[in-house]
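Please look over the structure below before reading on.

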Amino acid sequence: MKRYLWRISAIVILITGTIALAGVRETKHNFTSATYSPNAYFTGARQVCVFCHTAHNGDQATGALWNHETNPPLYTTYSSNTIDMTISQPHEGSLVCLSCHDGTLAVNSLNNVPGPGGAGTYGDPGGAALDGSGKLTASSSAFIGTDLSNDHPVGITYDASKDPGAFQPKTGVSTSYPDKLLDDGIYVECNSCHNPHDNTYSNFLIESNANSDLCMRCHIK
Ligand code: HEC
Ligand code: HEC
Ligand code: HEC
Ligand code: HEC
């Protein structure tokens, strides 16, 4: 019996492993699908990428042909006695995420809705993580809010010389760590640790954090 159960769990791991290896369409960031994103989906919506990108009229301030409405509020930033680097309001590599995850804007509020529509909303909200207007609710585990003081700091200008021995020095090479993780080659932002298209390592992490490897790409501890 034990052996039999072990085999079943091996198969389950194989199946879920295969799903996890797939792209954005098989993740919670596919808002057209109640199967992949059971807590947050939009009925009537068919296009996956359009919640974040558009082929035309993309937001130039944000880049990446950004299609999601952005209207950043003033965020409460992280502070502590032991911070040595400069922490400012989040930059683009965080603002793109916070435009949904701070809960102030609807997930389906787009600059360019498919068809001749221009700006507007796309589809009708469903799932426990969304309120009736399509915003993330505060009770959702994905809700970050506008108070970032209890989150890993973002908006940091990375400068290892301000805390010698505690941080990996910059290499000046964009394909090497820690530079590879820095937004615009300078800042620590959400996209330093997360890849919104790929859930292979769960929580949309850019790589495995087993053995805290991800943390050690920057920290020396
Ligand atoms: C939930 C939001 C979201 C969805 C859905 C999404 N993307 Fe993205 N995408 C982003 C963000 C955020 C960035 C910027 C990433 C960064 O700056 O590191 C990005 C960047 C990109 C880029 C440029 C940088 C790169 O990674 O090559 C391409 C190309 C891209 N996305 C294509 C797509 C396509 C194609 C789809 C649909 C199959 C898609 N994305 C769906 C959020 C999304
Ligand atoms: C267009 C809106 C939108 C954008 C842009 C977006 N997200 Fe999400 N994200 C969501 C929603 C909605 C969910 C699903 C919440 C749920 O299922 O409870 C989600 C889920 C997640 C989850 C999984 C949470 C969980 O509970 O499993 C993580 C992690 C995440 N997003 C991080 C990011 C990061 C980092 C970025 C930027 C690189 C980003 N997201 C960009 C709307 C967005
Ligand atoms: C220094 C790395 C790092 C940065 C920067 C970072 N995250 Fe995360 N994030 C993580 C890790 C690691 C987890 C997984 C935590 C866990 O397993 O409990 C996570 C989990 C999450 C989750 C899932 C819910 C939760 O709280 O566990 C969301 C949503 C999320 N991050 C969004 C964001 C957003 C939005 C930003 C930018 C404001 C951001 N993250 C910045 C490392 C980071
Ligand atoms: C992309 C680089 C990077 C990654 C990856 C990273 N950090 Fe950080 N972290 C920083 C920087 C830079 C600071 C600000 C340090 C300072 O100013 O003294 C910081 C600050 C912190 C702080 C607050 C320190 C204080 O003095 O208040 C903690 C705790 C922390 N990180 C833990 C983690 C953990 C845990 C992980 C892995 C999940 C992680 N970090 C991943 C760059 C990173």
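Donors of a metal are N, O and S atoms within 2.8 Å of it (3.2 Å for Na, K and Ca), and, as water is not among the atoms, sites may look incomplete. This is a predicted model, in which local features need pLDDT of at least 70 and side-chain atom pairs count only at pLDDT 80 or more, while totals for chains, interfaces and linings use all residues. Side-chain values use heavy atoms, with hydrogens and water left out.

**The iron of ligand 3**
- The iron atom of ligand 3 has His194 as its only protein donor, through NE2 at 2.0 Å.
- His194 is found in the loop between helix H3 (190–193) and helix H4 (213–216), where helices are DSSP runs of H or I with at least four residues, strands are runs of E with at least two, and both are numbered from the N terminus.

**Around ligand 1**
- The residues near ligand 1, meaning those with a heavy atom within 4 Å of it, include Val24, Cys49, Trp66 and Pro196.
- By class, this shell holds 7 nonpolar, 4 polar and no charged residues, with Ala, Val, Leu, Ile, Met, Phe, Trp, Tyr, Cys and Pro counted as nonpolar, Asp, Glu, Lys and Arg as charged, and the others, Gly among them, as polar.
- A nitrogen atom of ligand 1 lies 2.7 Å from a side-chain N or O atom of His53, and a polar side-chain atom of His197 is 2.8 Å from a nitrogen atom of ligand 1.

**Thr137**
- Thr137 sits in the loop between strand S5 (124–126) and strand S6 (156–157).
- Thr137 counts as buried because its relative accessibility is 18%, and buried means under 20% relative accessible area, exposed over 50% and partly exposed in between (1.4 Å probe, protein chains only).

Technical notes
Residues are numbered from 1 along each chain as its sequence is written. Chains are lettered from A and ligands numbered from 1 in the order in which they are written. A polar contact is a pair of N or O atoms within 3.5 Å; within protein, one must be able to donate a hydrogen and the other to accept it, and residues adjacent in sequence count only if both atoms are side-chain atoms.
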